[in-house]
Amino acid sequence: MIVCNNHKLDGKRCNGAPDFVIEIVSPSNPADDYIKKHTIIRISMSENIGLLIQGEKL
């Protein structure tokens, strides 16, 4: 995760949604990454979400 606003960080945690979240999709269990984790990240109200698939070039 990337946090651009330092005021969200208190030394232990991020208070509020991070500005960007990157999730690496596991080839052994992609459904878990695509559905469950993506839903959790969306609920966190992060504005930007990136899914990276192992073995694919950007």
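The bend at a residue is the angle between two axes, one fitted to the seven residues ending there and the other to the seven starting there. The model is predicted, so local features need pLDDT of at least 70 and side-chain atom pairs count only at pLDDT 80 or more, while totals for chains, interfaces and linings use all residues. Residues are numbered from 1 along each chain as its sequence is written, and side-chain values use heavy atoms, with hydrogens and water left out.

Q: Which pattern does the protein follow along the sequence?
A: Helices (H or I, at least four residues) and strands (E, at least two) are DSSP runs, numbered from the N terminus. The protein holds 1 helix and 2 strands. Read along the sequence, they give the pattern β-α-β.

Q: How far apart are the end C-alpha atoms of helix α1?
A: The expected span of a helix is 1.5 Å times one less than its number of residues. Helix α1 covers residues 30–43, and because it has 14 residues it should span 20 Å, which agrees with the distance in the model between its end C-alpha atoms, 19 Å.

Q: On which residue is the kink in α1 centred?
A: The bend defined at the start is what describes this kink. In α1 the kink is about 30 degrees, and the residue on which it is centred is Lys37.

Q: Is Lys8 buried or exposed?
A: Buried means under 20% relative accessible area, exposed means over 50%, and partly exposed lies in between, using a 1.4 Å probe and protein chains only. Lys8 is found in the segment before β1, which covers residues 20–25. Because its relative accessibility is 19%, Lys8 counts as buried.

Q: Which residue forms a salt bridge with Lys8?
A: A salt bridge is a side-chain nitrogen of Lys or Arg within 4 Å of a carboxyl oxygen of Asp or Glu. For Lys8, the closest N and O atoms of the pair are 3.6 Å apart, and the partner is Asp19. The pair links distant parts of the chain, 11 residues apart, although both residues lie in the segment before β1.

Q: How far apart are the closest N and O atoms of Arg13 and Asp10?
A: The structure holds 2 salt bridges. Arg13 is partly exposed at 49% relative accessibility, and Asp10 is partly exposed at 41%. Arg13 forms a salt bridge with Asp10, and the distance between their closest N and O atoms is 3.1 Å.
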